[in-house]
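User: I would like to learn how to read a protein model feature by feature. Could you walk me through one?

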Amino acid sequence: MARRRGAPFVPARVALQLAFLALVVLIGAQFAAWAFAHLGGRVPAVARPAGVEGFLPISALMSLRLWLAGGGIHPVHPAALAILLAILAMSAVLAKSFCSHLCPVGALSEWLGRLGARLLGRTWQPPRWLDLPLRSLKYLLLAFFVWATWVAMDVAAVRAFLDSPYNRVADLKMLLFFARPSRTTLAVLGVLVIGSVLVRDLWCRYLCPYGALLGPLGRLAPLKVTRDVATCTDCKLCTKACPARLPVHALTRVASVECTSCLDCVAACPVRDCLAVRLPRRPALLLLLRPAAAVAVALVVYLAVTTGFRLAGRWRGSVGEAEYAARAREIDSPVYTHVGGMAAPEPPARDRLQVSHEQQRQ
Ligand code: SF4
Ligand code: SF4
Ligand code: SF4
């Protein structure tokens, strides 16, 4: 049920955010233990969790490109593609729901904003003349990534990237990026954290290319927040609660690219079933999903896609432990770099490094 005092929220959604964040922390800890063992020249005591590939967005986008071009599921980081497809699917069913239900960055950003509102009384909202151009930044970043992976590279170049030494250990490189942060990285992270306390959803609203991708997809979603005009009292509590600053009280159906289906507006509405998640057609006003059911639908869609990959045996990547151990010893070599999606190729006579899990088991 919704909380009536303070900022409204849907408990089921927040519980899911907390559970997913806990899962991400567990995956991160297990991955770090596994990776630092390899980097230290030891045999890891734990297995590599494939879920860490959720943090390889470039590899996932490249895999998606290859898959859409009919090149099949690339074997190096298949879980990255699975997680990306699951994110797209849940956001295409319940508008942009990954952002408000599962994304750990979105959860932290939301909580920092709520902390700022509690500490300072309110967070700063840039005026409209500034808000609009700032919001376009994330689309520019998305356009750059789409150009880099869809326009500047043909399918052969995409496959070469996915096969490259860099991509084969992209997870180790990602860990080292955060474990050995440069001053610039620390400064940017610091600005984003402090900025998120002062401005609600600073990163998500203005900068995240993932959010820019999910917004237009969410517009096509069949499940959206819908207002029953007949019972609405025009109290505007929904609009006041909306973190995306949408005029919910004046909309019949919320179809904005900024709506993340957080359902805070539904939680704020004092009229039973006036605001609810509904299908598009008017007779469907009677068919509504209570907030907890909407959260469950989004989660089921996500789990269906990732479970499908697991059942199909396309979850664990093909890079074996022996190959990781060999590459970890030379991780700072220029072989493990890439510039704008162009990764260094495998030097001659090193293909023997590519020992897959399957080969190791034989
Ligand atoms: S906008 Fe980006 S960081 Fe924010 S919740 Fe969505 S995917 Fe996560
Ligand atoms: S319209 Fe409702 S569901 Fe959409 S972002 Fe605003 S509060 Fe959340
Ligand atoms: S909170 Fe509910 S009743 Fe009030 S304006 Fe919004 S939809 Fe209408």
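**Reading the model step by step**

Analyst: Gladly! Let's start with exposure: Asp234 counts as exposed, because there are 7 C-beta neighbours inside 10 Å. Keep in mind that this is a predicted model.

User: Where does Asp234 lie, and what is its phi?

Analyst: Asp234 lies in the loop between strand S1 (224–227) and helix H13 (237–241). The general idea for phi is that most residues other than glycine have a negative value. Asp234 has a phi near 60°, which is positive in a residue other than glycine.

User: What is the phi of Asp201, and is Asp201 buried or exposed?

Analyst: Asp201 also has a positive phi, near 60°, in a residue other than glycine. Its place is in the loop between helix H10 (183–198) and helix H11. Asp201 counts as buried because 23 C-beta neighbours lie inside 10 Å, and 20 or more are needed for that label.

User: How do I read the values in between?

Analyst: Partly exposed residues fall between the buried and exposed cut-offs. Val146, in helix H6 (residues 128–151), counts as partly exposed because it has 16 C-beta neighbours inside 10 Å. Asp273, in the loop between helix H14 (264–268) and strand S2 (275–278), is partly exposed too, because it has 14.

User: Which residues does Asp273 touch beyond its sequence neighbours?

Analyst: Leaving out residues up to four places away in sequence, Asp273 touches Asp228 and Leu288. You can also read a C-alpha distance here: Asp273 and Leu289 are 16 residues apart along the chain, with 9.3 Å between their C-alpha atoms.

User: How do I step back to the whole chain?

Analyst: Begin with the inventory: the protein chain has 17 helices and five strands. Then look at the overall dimensions. A compact globule of 362 residues would have a radius of gyration near 21 Å, and the protein chain has 22 Å, so the two agree. The C-alpha trace spans about 75 × 45 × 40 Å along its principal axes. Of the 362 residues, 38% count as buried. Contacts tell you about sequence range: among those with a separation of 6 or more, 75% join residues 24 or more positions apart.

User: What should I expect of the buried part?

Analyst: In soluble globular proteins, nonpolar side chains tend to be buried together. Here the largest nonpolar core has 79 residues, and Met90, Leu94, Cys265, Val266 and Ala298 touch the most other members. Helix H3 (residues 78–93) gives the largest share of this core, twelve residues. Both domain 1 (11–217 + 311–361) and domain 2 (223–290) contribute at least three residues to this core. To zoom in on one member, Val266 touches Val10, Val225, Leu275, Ala276 and Pro291, not counting residues up to four places away in sequence.

User: How far apart are the centres of domain 1 and domain 2, and how many residues from each make the contact?

Analyst: Taken over C-alpha atoms, the centres are separated by 32 Å. The contact takes 13 residues from domain 1 and twelve from domain 2. On the domain 1 side, helix H4 (97–101) and helix H12 (209–219) each supply at least two residues, with the largest share, three residues, coming from H4. By class, that side has five nonpolar, four polar and four charged residues.

User: Which residues surround ligand 1?

Analyst: The shell of ligand 1 is made of Cys99, Cys103, Val105, Gly106, Ser109, Trp203, Cys204, Cys208, Tyr210 and Gly211. Helix H5 (104–120), helix H11 (202–206) and H12 each supply at least two of the shell residues, and H5 gives the largest share, three residues. Seven are nonpolar, three polar and none charged.

User: Which residues come nearest to ligand 2, and which are closest to ligand 3?

Analyst: Around ligand 2 there are 15 residues, of which Cys242, Ala244, Cys259, Cys262 and Cys265 come nearest. That shell has twelve nonpolar, two polar and one charged residues. Ligand 3 is surrounded by 15 residues, with Cys232, Cys235, Cys238, His249 and Cys269 the closest. Its shell has ten nonpolar, two polar and three charged residues. For a link back to the core, Cys265 is among the core members that touch the most others.

Terms used:
Residues are numbered from 1 along each chain as its sequence is written. Chains are lettered from A and ligands numbered from 1 in the order in which they are written. This is a predicted model: local features need pLDDT of at least 70, side-chain atom pairs count only at pLDDT 80 or more; totals for chains, interfaces and linings use all residues. A nonpolar core is a set of buried Ala, Val, Leu, Ile, Met, Phe, Trp, Tyr and Cys residues joined through C-beta atoms within 7 Å. A residue is buried if 20 or more other C-beta atoms lie within 10 Å of its own, exposed if 12 or fewer, and partly exposed in between; C-beta atoms are placed from the backbone. Helices (H or I, at least four residues) and strands (E, at least two) are DSSP runs, numbered from the N terminus. Domain bounds come from an automatic or database domain assignment. Two residues are in contact if their C-beta atoms, placed from the backbone, lie within 7 Å. A residue is near a molecule or strand if its C-beta atom, placed from the backbone, lies within 6 Å of it. Ala, Val, Leu, Ile, Met, Phe, Trp, Tyr, Cys and Pro count as nonpolar, Asp, Glu, Lys and Arg as charged, and the others, Gly among them, as polar. The radius of gyration is taken over C-alpha atoms; the globule rule is 2.2 Å times the number of residues to the power 0.38.
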